[in-house]
Structures are given as C-alpha cells and as structure tokens.
Amino acid sequence: MTVDIATEIKAKARATWAKGSYSEIARNLVEMSAHLVRAARVGARDLVLDVATGTGITAITARQTGADVVALDLTPRLLDAALELAEAAGTSGIDWREGDAEALPFRDGEFDIVLSSFGHMFAPQPEVTIREMLRVLRPGGRIAFTTWPPEHATGAMFRVLGQYVPPQPGIPSPLEWGIPQVVRQRLGDAVEGLVFERDAVRFYALSAAHFWHIFATFYGPAIRAIEAVGADRVEALSRGAVDALLPFFRDNAMHMDYLLTRAVKT
C-alpha cells in the first residue's frame, strides 16, 4: 500500500468515526471492557497501552485497577468524548494520545500489557498493526483484544453496509480479526499461550428496527453508508440491515457475539 493511499484511507476513517456519537454505542460495551481487562490480568503495577481507544471505556476500566494507562486513537473527536467520560467516571491519570495504530509513537518493549477493544481491527494494514502492537510490548507481556466475528450480528450488519459502500480494493475486511485461524496466523510465533474466548454484548432495544434506528443515528459507519447511498436507496439499505439483524434479536436485546484473544509475547 502506498503512503498516499494509506493517508487517504485513514483520513476517511477519521471522518467516519467522528460522525454521530459513538459514546451512545460504546456505553453498551462496558461489560465487554471489564471482561477484556480481567482476561488480560491488568493490575496496579502494570503499564498498559489501549490501542484505538475510541471513547476510552477499556482505558478507564484498566485505570480503575490502579494500572498506569496510555490510550491512543486516530480520531480527535473520540478522544474528546473519552476525556468527558473519564471525568464523569471520576477517573484521572490516563495519558490520552492522538495517534495511529500502524505507527505507535512508543519505544520497543515499553508496555507490560497492550489492549484493544474493537479498535485495532479497523486499521487498514493488519500485519503492520499487529507488528506495532507486539513491538511496543515487552517480552513476557500480555496482549489481549476483542473483535467482531463475521458470522454474527455485527458481521451481518457490515455485510449489508458493504453492499452500499464497497470497501477499498485490497484492504482486508476488519471482520477477519474475528476468525481465530486468521488471528493465529497474524500473531504467528511471536506469542505463546494463545487463548480464544467467546462472549456477547447485549444491546437493549425494542426491536431489530429500533436497534438499526439507534445505529443509523449514532454509529459512524452506518451514517456514512446512509449519506453515500442517497435518499432513494436509504429505505432499501435499512430494510436489508433489519432483515440481516433479525436472527440475532431476542428478549428485547441484540445479541452481538465477540471474540476475545489473549496471549503472551515470547
């Protein structure tokens, strides 16, 4: 990938994630952050990096264990939301940084633990991203992240969005990070003790249509797709999204499975 293409992709990503209000989505993921921090065994003496922190829910959760936390994201608007959320949570002392997951501005082996919750998976060059995450992790340090599998609710929704806003040619799908075999290949022999866990977040709504309405209002990639298709195709996009999501809706909740990966750097 050329520098110009990578720069263009990241500029579009920054604009996409600044749309809407990701805080309205991320507040439904706080239980997942607790799972991730627990699985990574974050503790009071650890120096932790949260890559692509978004609105900071995992960074804040890690900081509440007493760890020293650095949280980095490409999108300034998300970092502004993270600062507001940290203040509301009564959590201080996090080092918030604007930065790129593919060019982490840290020394080799600087961190005890590297985390990412549904964040690093959206960087366009997965091999570069995981190489950087492992580079800044000390030998014997722990890496852990959550990703969306392609066969569940988020994957179904993204397939519909992709029909209307085709992905950049040559860019792997972010959902590949939700496939254990792919993750195992990308981590390779740089880690040991690789473990996968499955769980789900429950996004409460009154119907699949209600869930889609919330995402169409607040979730950057959905808003981008709606803006791109034009008024004459919005109804078809919405109908397709609701139909794709219906199998995952029950008991007034959208059940959104995720994959949690954890390992130790060799």
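## Briefing: loops, a helix pair and salt bridges

Ala 52 sits in the loop that runs between strand 1 (47-51) and helix 4 (57-63) (helices are DSSP runs of H or I with at least four residues, strands are runs of E with at least two, and both are numbered from the N terminus). The model is predicted: local features need pLDDT of at least 70, side-chain atom pairs count only at pLDDT 80 or more, and totals for chains, interfaces and linings use all residues. Residues are numbered from 1 along each chain as its sequence is written, and side-chain values use heavy atoms, with hydrogens and water left out.

- Ala 52 has a phi near 55°, which is a positive value in a residue other than glycine.
- Ala 52 counts as buried because its relative accessibility is 18% (buried means under 20% relative accessible area, exposed over 50%, and partly exposed in between, with a 1.4 Å probe and protein chains only).
- Thr 55 belongs to the loop between strand 1 and helix 4, and at 2% relative accessibility Thr 55 is buried.
- Apart from neighbours within four places in sequence, Thr 55 is in contact with Tyr 22, Ser 23, Ala 26, Leu 78, Ala 81, Ala 82 and Leu 85 (contact means heavy atoms within 4.5 Å).

**The loop between strand 4 and helix 6**

- Phe 118 is placed in the loop between strand 4 (111-117) and helix 6 (126-135).
- The phi of Phe 118 is near 55°, a positive value in a residue other than glycine.
- Phe 118 has a relative accessible area of 6%, so this residue is buried.

**Helix 1 against helix 10**

- Helix 1 (residues 3-17) packs with helix 10 (residues 220-229) at an angle of about 100°, and their axes are 7 Å apart (axes are lines fitted to C-alpha atoms, for helices over the stretch in contact, and angles run from 0 to 180 degrees between N-to-C directions).
- That angle makes helix 1 roughly perpendicular to helix 10 (65 to 115 degrees counts as roughly perpendicular, under 35 as roughly parallel, over 145 as roughly antiparallel and the rest as oblique).
- From helix 1, Lys 12, Thr 16 and Trp 17 meet Gly 220, Pro 221 and Arg 224 of helix 10.

**Salt bridges**

- The whole structure holds 15 salt bridges (a side-chain nitrogen of Lys or Arg within 4 Å of a carboxyl oxygen of Asp or Glu).
- One of them joins the side chains of Glu 8 and Lys 12, at 3.4 Å from N to O.
- Both Glu 8 and Lys 12 lie in helix 1, four residues apart, about one turn of the helix.
- Glu 8 is partly exposed, with a relative accessible area of 41%, and Lys 12 is partly exposed at 39% relative accessibility.
- The side chains of Lys 10 and Glu 102 form a salt bridge, at 2.7 Å from N to O.
- This pair links distant parts of the chain, 92 residues apart: Lys 10 is in helix 1, and Glu 102 is in the loop between strand 3 (95-98) and strand 4.
- Lys 10 and Glu 102 are both buried.
- A network of salt bridges links Lys 10, Asp 100 and Glu 102.
- The side chains of Asp 95 and Arg 97 also meet in a salt bridge, at 3.0 Å from N to O.
- Asp 95 has a relative accessible area of 29% and is partly exposed, while Arg 97 is partly exposed at 30% relative accessibility.
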